[in-house]
Structures are given as C-alpha cells and as structure tokens.
Amino acid sequence: MKQRDFVEAYVSNNGQSLKWADFDFRKNRDIVRIAVDNDGSSLKYAHSSLKNDKEIVLAAVQQDGSSLEYASDELKADEEVVRIAIENTKNAFEYAAEKFRYNEDFVLMALQNENGWGDILQYTSPIIRDNKAIVLQAVQQNGSSLQYASDNLKREKEIVKEAINQRGDALEYA
C-alpha cells in the first residue's frame, strides 16, 4: 500500500488524523477534502493555502459550521461560506467577519438556529445590543445573554423578566 493510499484511508475514517499526516499531505487538496468531508474541524490542520480554498472551506463548514474558525479571513468574510456555517450551527457566528456579526439578518439567522450554543450578543455591535426585538429573542433562548444587552435594555422590565424566566440567575445581569 502506498503512503498516500494509507493517509487517504486514515483521514476518511477520522478527519482529525490529518493532524499527524506529513506536511505534503496537509497541503494536498484531495487529502484535505477527504478529511474535511469526514470532520470539518480537521480544516485546522490543513495548509494555509487550503484554508483559503472556497470549495474546501465550504465542505468543512457544511460538515461542521464551527470549522469557520480555521478558514482564512477572506473566506470568513464570504457571505455564502458564513451563511452555510451559521445555518449549520450558531457557534459559527463567533468566527464570522465583523460585517456579518454586526448585521441584523445574520444575527437573527444565528439566533433562530437551535443547533449549537453560545451567547450571540457578545459578538455583536452596541447597536444590535440595543435592539429590543433581538435582545428579547436572545434572552428567551439563553437568559444569561442579558449580560451583553445594552445598559438601557438591562433596565427593560420585559427583557429582564424573559431572561429570568429562561434562567433564574440572569437577574445578576440586570
């Protein structure tokens, strides 16, 4: 068995095994594609040139939206890549370029995704943290999101009540 065949078989069963592959294999597009198809987060171990390869990154974020963390800055700013990543898991929101984290449509998309975890508000702009509708939706999902709301909204009775209903100890953030 050739070394390449061995590496292909290995990464197709466990994408994370790309971590132990020789450098030449970590920059081989075919090998990396097999790895990210198995485990999107194996993008972490790919050569930097492949972290800027849209097809590779799309495959990674379709398998695991959080793998957006390992994409190039250019692709973290690509609308298609970011949309697919956030649709896969709200966790990806944290790694998206600022222009998406400060965009109401993308904030709402992340909030509406039930897959994943995290406080979306902590990665948004002060303007969005002062948007009552968005903050209300965020605290209804995770009461501790109240800590990231604007000072103005932390005093809003409806917002605080919803946060406490979702998580009793959210009162500490009011």
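K54 is partly exposed, with a relative accessible area of 31%; here buried means under 20% relative accessible area, exposed over 50%, and partly exposed in between, with a 1.4 Å probe and protein chains only. The model is a predicted one, in which local features need pLDDT of at least 70 and side-chain atom pairs count only at pLDDT 80 or more, while totals for chains, interfaces and linings use all residues. Residues are numbered from 1 along each chain as its sequence is written, and side-chain values use heavy atoms, with hydrogens and water left out.

K54 forms a salt bridge with E80, and the closest N and O atoms of the pair are 2.9 Å apart; a salt bridge is taken as a side-chain nitrogen of Lys or Arg within 4 Å of a carboxyl oxygen of Asp or Glu. This pair links distant parts of the chain, since K54 belongs to helix α4 and E80 to helix α6, 26 residues apart. Helices (H or I, at least four residues) and strands (E, at least two) are DSSP runs, numbered from the N terminus.

Another of them joins K132 and E156, whose closest N and O atoms are 3.2 Å apart. K132 lies in helix α10 and E156 in the loop between α11 and α12, so this pair ties together parts that are 24 residues apart in sequence. K132 counts as partly exposed at 35% relative accessibility, and E156 does so at 27%. A further salt bridge brings together the side chains of R167 and D169 (2.6 Å, N to O). R167 is partly exposed, with a relative accessible area of 36%, and D169 is partly exposed with 38%.

Turning to the overall fold, the chain has twelve helices and zero strands. The C-alpha atoms fill a box of roughly 65 × 30 × 20 Å, taken along the principal axes. Of the 174 residues of the chain, 47% count as buried. Contact is used here for heavy atoms within 4.5 Å. Among contacts between residues at least 6 apart in sequence, 43% join residues at least 24 apart. The accessible surface comes to about 8900 Å², of which 43% belongs to carbon and sulfur atoms; the areas come from the Shrake-Rupley method with a 1.4 Å probe, and for residues only the protein chains shown count as cover.

The largest nonpolar core holds 53 residues, among which L18, L68 and I86 touch the most other members. Such a core is a set of buried Ala, Val, Leu, Ile, Met, Phe, Trp, Tyr and Cys residues joined through side-chain atoms within 4.5 Å. At least two residues of this core are supplied by each of α1 (3-13), α3 (29-38), α4 (54-63), α6 (79-88), α8, α10 and α12, and α4 gives the most, with six residues. Leaving aside neighbours within four places in sequence, I86 is in contact with A92, F93, F106, M109, A110 and N113. In soluble globular proteins, nonpolar side chains tend to be buried together.

Helix α10 (residues 132-141) has I134, V135, L136, A138 and V139 buried. The buried residues of α10 pack against α8 (104-112), α9 (126-129), α11 (151-154) and α12 (157-166). At the start of α10, a side-chain oxygen of N131 reaches to within 3.1 Å of the backbone nitrogen of A133. A polar contact is a pair of N or O atoms within 3.5 Å; within protein, one must be able to donate a hydrogen and the other to accept it, and residues adjacent in sequence count only if both atoms are side-chain atoms.

K154, in helix α11, is buried yet has no salt bridge, and the nearest side chain of opposite charge, D151, is 4.1 Å away. For charge, Lys and Arg count as positive and Asp and Glu as negative, with His and the chain ends not counted. The side chain of K154 instead reaches the backbone oxygen of Q147 at 3.1 Å. Not counting residues up to four places away in sequence, K154 touches L146, Q147, A149, V160, Y173 and A174.
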